[in-house]
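Trainee: I have a model to look at. Please walk me through how its features get their names.

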Number of protein chains: 2
Amino acid sequence: MYAPLKNTFDKILKITDEDWRDFESIIELKKLRKNEYLLRQGQICQGIFFLSQGCLRTFYINDNGKDISTSFYFKDDFLREIESMTNNTPSRKNIQALEESTVFYLDKIKLVNLYEKSPFYQKLGRLILERLTISEQKYSSILRAYSPKERYLFILNNHPEFIERIPLQHLASYLGISRESLSRIRKRI
Amino acid sequence: MYAPLKNTFDKILKITDEDWRDFESIIELKKLRKNEYLLRQGQICQGIFFLSQGCLRTFYINDNGKDISTSFYFKDDFLREIESMTNNTPSRKNIQALEESTVFYLDKIKLVNLYEKSPFYQKLGRLILERLTISEQKYSSILRAYSPKERYLFILNNHPEFIERIPLQHLASYLGISRESLSRIRKRI
DNA sequence: TTGATTTTGTGACTTTCGTCAAATGAAAAG
DNA sequence: CTTTTCATTTGACGAAAGTCACAAAATCAA
């Protein structure tokens, strides 16, 4: 059942059977219905998630009451509400299922134990974070250097799954555009 | 001479004398004149830096030939051109001194040795990355949810040192605004 | 200090985005 | 199948950003 996860780990850093058994014994499975929340604003994030099936988004409500999406997740993605979990502070963000989804869950206490127990996980954790940071940086480059239209084209060319599976209003806030403008941009193309 | 660096480490994760000696023996010092480059587009980043004095920026040239700043660094900041270093690929970005600056340099091979040698550094590396990721996420939230004017106000309130020390044209590209518009926004306030 | 270079500010104009309101279309619920 | 709810599209309008060209100011180097 957890084979895809082992596979994903393996691609990042070869995992031994022993390390994998440690891991397998502590992860849990969660099923989410469409629109169900994995985390709500104000809660402290208690662990990390690995998306096995479906599609999730993180979002928050800004000062003007607008719903702003900040990330989308698909099959095999790692999710961590890192600020809340690391600093033990209430999350500013919500995590919500856009489709019926399946996630693996790892409690943060167990995660820390894992870090202490095996250098493998210490290293894996670092490598996953490196990837996360790189993609976060790439993403802010897009917001900074591209016009709204170029941003949409970028998504169209590089993340076609976003276009197919994510409601336009959420994609719009993710790209920093109003939904009406995104609708018009889309029409022009 | 390296005391401020030890201090910074200590704040993140208490460092033992032994671990510190290991570190101290391998770091190097670099002095940079104003406008001098620490890394140029196309080069592979060979290590990480810690800014001891002065001010640096990272930037790249986009498809339209425009100079886009992506980060600014001040005293006690860590710099890693993480994508280039991690993946061993040519950097898309330049790192340049905005003022006469002093940086500590740690070669990536030595860094990896350090990671293998002591779990302390493995953990410190992870913690530093966590911070980096958090600030990167905060930053893209600003670009996404705020109007150009609000972005400038945000910097004014939260990073007044940016206003004082960073040339307007670089701040403009960092905020995803043309320099003329930023000049006008500034006038209105 | 002076001249050259770089950076910032301004004006005029065009383009595009945001907003509000209303209409259409699509999906979920009964 | 129908109704209700939610998502997207469209129109009209005003505000703001982008661009180009040039002027003013600041900085740097001889």
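**Reading the model**

Mentor: The residues of the surface near DNA strand C divide into five nonpolar, five polar and six charged. Ala, Val, Leu, Ile, Met, Phe, Trp, Tyr, Cys and Pro count as nonpolar, Asp, Glu, Lys and Arg as charged, and the others, Gly among them, as polar. This is a predicted model: local features need pLDDT of at least 70, side-chain atom pairs count only at pLDDT 80 or more, and totals for chains, interfaces and linings use all residues. Residues are numbered from 1 along each chain as its sequence is written, while chains are lettered from A and ligands numbered from 1 in the order in which they are written.

Trainee: What makes a residue one of those that surround DNA strand C?

Mentor: Its C-beta atom, placed from the backbone, lies within 6 Å of the strand. 16 residues surround DNA strand C, and Ser178(A) and Gln169(B) are among the closest.

Trainee: Which helix gives the most to that surface?

Mentor: H9(B), with five residues. Helices (H or I, at least four residues) and strands (E, at least two) are DSSP runs, numbered from the N terminus.

Trainee: Why are strands E1 and E6 of chain A said to stand at the edges?

Mentor: The open sheet of chain A has the order E1-E8-E3-E6, with antiparallel pairing. Strands E1 (28-32) and E6 (78-79) of chain A each have a single partner strand, so one side of each lacks a neighbour in the sheet.

Trainee: How do you know that E3 and E8 of chain A pair?

Mentor: Pairing needs at least two bridges found by DSSP. E3(A) and E8(A) have six.
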